[in-house]
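Please look through the sequence and the structure shown here before reading the short report that follows.

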Amino acid sequence: MERVIDAPPQQVFDVLADGWTYSDWVVGTVHVRDVDAQWPRVGTQLHHRAGPWPFSLEDASTVLVCEPPHRLMLRAGLWPAGEAVVVFTLTPEGDGATRVRIGEDFAAGPLRWFRNKLNDLVLYQRNKETLRRLSDIAVRQKADERADR
């Protein structure tokens, strides 16, 4: 899944690097409980709650790779359902825009064994909306910076 966002790579990466915003743009994350001080340094964690109350699950996502402003790879936990590896790739596109690709694959747990077309469709729609929300935040921050000048 990919989307072109009307903001430069660093602007988009700055949103990824602000762990406190994840519940604003990651579909399914309903609350960020804590973010390690050095986020998104490799090995740091974002502690979150996902899913609807009262069935929400508490877990953490761990940074596996951080290459600002081009790539961020996370191991997103949602036990007992499992965990996924999520990769954000940011590529400059034209004048001040960024092509953002999100790749997500179940890495462990029961969800890994139940891969089918319905799961793929749900994941596709989830990631499409996630990128739309990420775009909204990055573009708004770009506009805010212009207004401050």
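## The largest pocket

In this predicted model, the residues that line the largest pocket divide into 17 nonpolar, ten polar and three charged. The pocket itself has a volume of about 650 Å³, and among the 30 residues that line it, those closest to its centre are Val27, Leu78, Glu104, Phe106 and Arg126.

Helix H4 gives the most to the lining, with six residues.

## Glycine 82

Glycine 82 lies in strand S6 and is buried, its relative accessible area being 2%. Although glycine 82 and alanine 107 are 25 residues apart along the chain, their C-alpha atoms are separated by 7.5 Å.

## Aromatic pairs

A pair of aromatic rings is described by two quantities, the distance of the centres and the angle of the planes. The count of aromatic pairs in this model comes to three. In one of them, the rings of tyrosine 22 and tryptophan 39 have centres 5.8 Å apart and planes at 90°, so this pair is edge-to-face. Tyrosine 22 lies in helix H2 (residues 22-25) and tryptophan 39 in the loop between strand S2 (29-35) and S3, so the pair ties together parts that are 17 residues apart in sequence. Both of these residues are buried.

Tryptophan 25 and phenylalanine 88 also form an edge-to-face pair, with 5.7 Å centre to centre and 70° between the planes. Because tryptophan 25 lies in helix H2 and phenylalanine 88 in strand S6, this pair ties together parts that are 63 residues apart in sequence. Tryptophan 25 and phenylalanine 88 are buried, and ring pairs link Tyr22, Trp25, Trp39 and Phe88 into a cluster.

Key: Residues are numbered from 1 along each chain as its sequence is written. This is a predicted model: local features need pLDDT of at least 70, side-chain atom pairs count only at pLDDT 80 or more; totals for chains, interfaces and linings use all residues. Side-chain values use heavy atoms; hydrogens and water are left out. On a 1 Å grid over the protein atoms alone, a cavity is a set of points where a 1.4 Å probe fits but cannot get out, and a pocket is an open set with protein on both sides within 12 Å along at least five of seven lines; lining residues have an atom within 4 Å of a point. Grid points are joined across faces, edges and corners, and a volume is the space filled by probe spheres set on the points. Helices (H or I, at least four residues) and strands (E, at least two) are DSSP runs, numbered from the N terminus. Ala, Val, Leu, Ile, Met, Phe, Trp, Tyr, Cys and Pro count as nonpolar, Asp, Glu, Lys and Arg as charged, and the others, Gly among them, as polar. Buried means under 20% relative accessible area, exposed over 50%, partly exposed in between (1.4 Å probe, protein chains only). Rings of Phe, Tyr and Trp (its six-membered ring) pair if their centres lie within 6.5 Å; planes under 30 degrees apart count as stacked, over 60 as edge-to-face and the rest as tilted.
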